[in-house]
Amino acid sequence: MALKLYNTLTRKKQVFKPIIEGKVGFYSCGPTVYNYAHIGNFRQFLLNDILKRSLSFLGYKVTHVMNITDVDDKTLRGSVKEGISLKDFTRKYEKIFFEDTDSLNILKPTNTLRATESINEMIKLIKILIDKGYAYKASDGIYFSIDKFKNYGKLANLQRDRKTKERVSNDEYDKENAQDFALWKFYTPEDGEVFWETELGKGRPGWHIECSAMSMKVLGETLDIHTGAIDLIFPHHTNEIAQSEAATGKKFVNYWVHGGFLNMKEGKMSKSLGNVYTLKDIVGMGFKPLDYRFMCLLTHYRSSLEFSLDNLTAAKKGLEGLKNKIANISLSQLGSDGEKYLKDFTKSIEDDMNMPKAVQVLQKLLKDEKVSGKAKLSIIEKMDSVFGLDLLKKEKVSVPEEVRKLAEERWQAKKIKNFKLSDELRDKITKLGFSVADSNEGYEVRKI
Ligand SMILES: [Zn+2]
């Protein structure tokens with residue numbers, strides 16, 4: 001079997017074929033750095049991470065590119081409100097974003113590009129669109145004409161007639177079609193100190209052009225994979241396709257992978273609805289970032305996931321249970337190699353990254369007493385290269401003095417082969433909630 005991915009463009013699971021064998025170039029829309037990202041945002045970044053880790057697990061060499069939106073209406077407004085420069089303002093939230101993703105074990109993109117540092121590429125792209133007749137100048141900026149692009153809206157399954165019939169609203173009086181979007185926004189006094197003097201005029205880029213310019217800058221004109229949350233399908237990704245394909249005449253993206261929402265009971269988690277939790281919030285409630293990561297793994301990435309503290313608590317307990325079982329695996333060499341489990345795990349990954357199924361495979365492996373402890377640990381290490389849950393990392397256990405003493409007495413008893421006494425002492429240790437694992441070098445006390 002080979003990797004199958006659900007492609008939004010065809011609305012089917014398709015066998016993944018990269019442009020260059022063995023290599024994958026993928027792009028994901030990054031954060032707008034104007035505030036703390038909420039855990040709903042992080043569900044999407046976790047999808048990127050799972051995709052990247054899955055591809056690496058399957059043997060691909062992955063180049064992952066992500067943008068940082070560090071200039072737009074929100075970042076401009078935020079920096080004015082805080083009275084600091086746009087750069088200082090956005091760098092602050094960019095730093096927080098990466099601290100958060102680090103704590104979630106999200107691997108850093110191969111290339112992270114800031115919008116403000118890729119203006120030249122955007123200008124170049126806009127100029128091509130003007131030259132080819134896809135873009136035009138209006139009073140407040142340069143716009144992309146969606147009527148000129150034949151396949152506009154294919155990704156979102158838009159009915160083109162309906163779109164073009166919508167009337168031009170008053171405040172956008174000189175746009176040719178109300179759906180036309182800004183590639184370049186001319187300077188207004190609200191932009192303060194933030195502008196670029198360019199041959200397109202004084203101003204700043206629109207949001208959509210960023211992703212086309214930055215993805216193609218690193219990955220070339222056609223990308224293997226582009227990811228994003230489902231609410232980006234329209235207009236953002238629809239516009240990315242239009243402007244990129246209009247400029248290059250080539251297919252922009254072969255596989256579009258979109259992740260489902262994180263919902264609250266009352267609907268989508270979003271800043272505008274005021275029902276958001278940040279990672280800091282849930283850590284403040286006694287959860288670990290990896291509890292949230294595990295919670296996300298338990299639902300397929302395309303399904304919507306309902307967030308509640310009950311769900312998060314269940315995930316926390318589930319992860320603790322797994323880690324405990326793993327910590328108590330004996331290092332026996334006896335038993336089978338458990339190859340079947342690694343195969344089943346690989347199959348689940350290949351099936352559109354079915355992580356809930358992959359977790360079940362891990363649970364079955366832990367229960368199987370026929371597999372040797374050594375083989376189990378080696379398989380779990382491979383699985384965790386995708387899960388990213390630190391399954392083999394030992395938690396620092398604080399062992400009470402009483403238990404420590406009993407463990408030492410037991411070790412001495414064992415040394416002089418007084419097994420009756422050592423068994424009695426082991427029982428006492430167990431009653432206190434701890435276990436002892438012996439190896440050639442000595443013993444280790446673990447929490448049960
Ligand atoms: Zn984007």
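**Reading the terms against the values**

Tutor: Of the contacts in the protein chain with a separation of 6 or more, 74% are accounted for by residues 24 or more positions apart, where contact means heavy atoms within 4.5 Å. This is a predicted model, in which local features need pLDDT of at least 70 and side-chain atom pairs count only at pLDDT 80 or more, while totals for chains, interfaces and linings use all residues. Residues are numbered from 1 along each chain as its sequence is written, and side-chain values use heavy atoms, with hydrogens and water left out.

Student: What makes Lys23 count as partly exposed?

Tutor: Buried means under 20% relative accessible area and exposed means over 50%, with partly exposed in between (1.4 Å probe, protein chains only). Lys23 has 46% relative accessibility, and therefore counts as partly exposed. Lys23 is found in strand S3 (residues 23-28), and, leaving aside residues up to four places away in sequence, Lys23 touches Pro18, Tyr60, Lys61 and Asp224. Lys23 and Asp224 are 201 residues apart in sequence, yet 9.2 Å apart in space, C-alpha to C-alpha.

Student: Why is helix H1 called oblique to helix H13?

Tutor: The axes of H1 (residues 39-57) and H13 (residues 373-387) come within 7 Å and cross at roughly 140 degrees. Angles under 35 degrees count as roughly parallel, over 145 as roughly antiparallel, 65 to 115 as roughly perpendicular and the rest as oblique, so H1 is oblique to H13. Such axes are lines fitted to C-alpha atoms, for helices over the stretch in contact, and the angles run from 0 to 180 degrees between N-to-C directions. The helices themselves (H or I, at least four residues) and the strands (E, at least two) are DSSP runs, numbered from the N terminus. On the H1 side the contact is made by Ile50, Arg53, Ser54 and Phe57, and on the H13 side by Lys382, Asp384, Ser385, Val386 and Phe387.

Student: How do you know that the buried residues of H15 lie on the same side?

Tutor: In H15, Ser422, Leu425 and Ile429 are buried. They cover an arc of only 65 degrees around the axis, which puts them on the same side of H15; the arc is that of the directions from the helix axis to the C-beta atoms. An α-helix has 3.6 residues a turn, so residues three or four places apart point the same way. The buried residues of H15 pack against helix H14 (401-415) and strand S16 (434-438), whereas the face turned away from that buried side carries the exposed residues Lys420 and Lys431.
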